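Please look over the two chains before reading the points below. They go from the terms used, through each chain, to the place where the chains touch.

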Amino acid sequence: MNRFVRYIKTYLILGLPLVIACILLGTPKTNFLKMVQDALSWNLMFWFLMLILFLVTLVVSANTREKALTRIANLKERDEREQFITGKASRITYIANLSMLILLFFFSIFSVGIYRLPEGKTINGKHHALNIGLNYNFFDSNKDSDSTLVYGTQTFALSKATIILMLISWQLSVFNVTARREIGKAS
Amino acid sequence: MPRIEGTPSISNCIQKLRQINGLTQEDLAKAVQVTRATIIALEKGNYNPSLELAFRIAKFFKTDIQKIFYIGD
């Protein structure tokens, strides 16, 4: 598994210039360039497939996550003091993230609108009405109703509120599972 | 390690022992397998080590933990 992930990672890094070249090539004019683009397009397809696989592995495999993301997250744990600092910083980040996600979730389901009332429908001489509402949809509503798309991932695109809710659940569950596991190890 | 409010602070004489032995912070850090920043933090009293590290330091200086770490200012 680890070796496989390592191969994917190496391929993603080494194949990136070819992906960029394919995108930059645009619509080729000569036959030679068309041939090159054909080859690059196959690479592009394979590269994206590997990227999806890698991103899924990141979520599923804790080991891969650890190796790939500690550098990006700038986690330094060379000794116990740095581990302690990381723990403290993680705690603050966790709480801060959670508060931000809850705020974003609230804003994604909360709506405020000020409407101008039509003539003759004024209420107590007032021409405007305030509408405050809460609305939650699991899937994102398809705005482009005229499209002839039969199937696409956007058909089942999750709404912003759902994504935020999933992130909140993910954070809480990962924390609690990890904490329980560590308690189990210690007892 | 964090200090719980109301508990006495733990002081140490690591700096003194290090200087007596003619060691640099880097030397001591390598010997007890921590970073130099940790030695600096220990000497300043900004960080209380784990029991494991305290034992390693005591073992390195060939003395008892109580002679290096003590409760006080």
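1. Helices (H or I, at least four residues) and strands (E, at least two) are DSSP runs, numbered from the N terminus. This is a predicted model, in which local features need pLDDT of at least 70 and side-chain atom pairs count only at pLDDT 80 or more, while totals for chains, interfaces and linings use all residues. Residues are numbered from 1 along each chain as its sequence is written, and chains are lettered from A and ligands numbered from 1 in the order in which they are written.

2. Chain A contains 5 helices and 2 strands. Their order from the N terminus is α-α-α-α-β-β-α. The radius of gyration (taken over C-alpha atoms) of chain A is 25 Å, whereas a compact globule of 187 residues would have one near 16 Å; the globule rule is 2.2 Å times the number of residues to the power 0.38. The C-alpha trace of chain A spans about 75 × 65 × 25 Å along its principal axes.

3. How much of chain A is buried? A residue is buried if 20 or more other C-beta atoms lie within 10 Å of its own, exposed if 12 or fewer, and partly exposed in between, with C-beta atoms placed from the backbone. By that count, 4% of the 187 residues of chain A are buried.

4. The expected span of a helix is 1.5 Å times one less than its number of residues. Helix α2(A), residues 31-60, has 30 residues and reaches 43 Å from its first C-alpha to its last, close to the expected 44 Å. Helix α5(A), residues 160-186, has 27 residues and should span 39 Å, which agrees with the 39 Å between its end C-alpha atoms.

5. In α5(A) the count is 2 among 27 residues, and the helix is hardly covered. Glu182(A) is in helix α5 of chain A, and it counts as exposed because it has 10 C-beta neighbours inside 10 Å. The C-alpha atom of Glu182(A) is separated by 57 Å from that of His128(A), 54 residues away along the chain.

6. The strands of chain A form a pair, meaning that DSSP finds at least two bridges between them. Strand β1(A), residues 110-116, and β2(A) run antiparallel to one another over 7 bridges. Phe110(A) has Leu134(A) as its bridge partner in β2(A), and Gly113(A) has Asn131(A). β1(A) is hardly covered, with a buried count of 0 among its 7 residues.

7. Which residues other than glycine have a positive phi? Asn74(A) has a phi near 60 degrees, and Lys62(B) has one of about 50 degrees. Asn74(A) is found in the loop between α3 (62-72) and α4 (80-109) of chain A. Asn74(A) is exposed because 8 other C-beta atoms lie within 10 Å. Lys62(B) is in the loop between α4 (51-60) and α5 (65-68) of chain B, and it is exposed because 7 other C-beta atoms lie within 10 Å.

8. Chain B has 5 helices and 2 strands, in the pattern β-α-α-α-α-α-β along the sequence. Of its 73 residues, 19% are buried. A nonpolar core is a set of buried Ala, Val, Leu, Ile, Met, Phe, Trp, Tyr and Cys residues joined through C-beta atoms within 7 Å. The largest such core has 11 residues, among them Ile14(B), Leu42(B), Leu53(B) and Phe61(B). The elements that give two or more residues to this core are α3 (36-44) and α4 of chain B.

9. Where the chains meet, residues are in contact if their C-beta atoms, placed from the backbone, lie within 7 Å. The contact takes 8 residues from chain B and 6 residues from chain A. The chain B side divides into 5 nonpolar, 3 polar and no charged residues. Here Ala, Val, Leu, Ile, Met, Phe, Trp, Tyr, Cys and Pro count as nonpolar, Asp, Glu, Lys and Arg as charged, and the others, Gly among them, as polar. Leaving aside neighbours within four places in sequence, Leu53(B) is in contact with Glu80(A), Val32(B) and Val34(B).

Definitions and conventions
Two residues are in contact if their C-beta atoms, placed from the backbone, lie within 7 Å.
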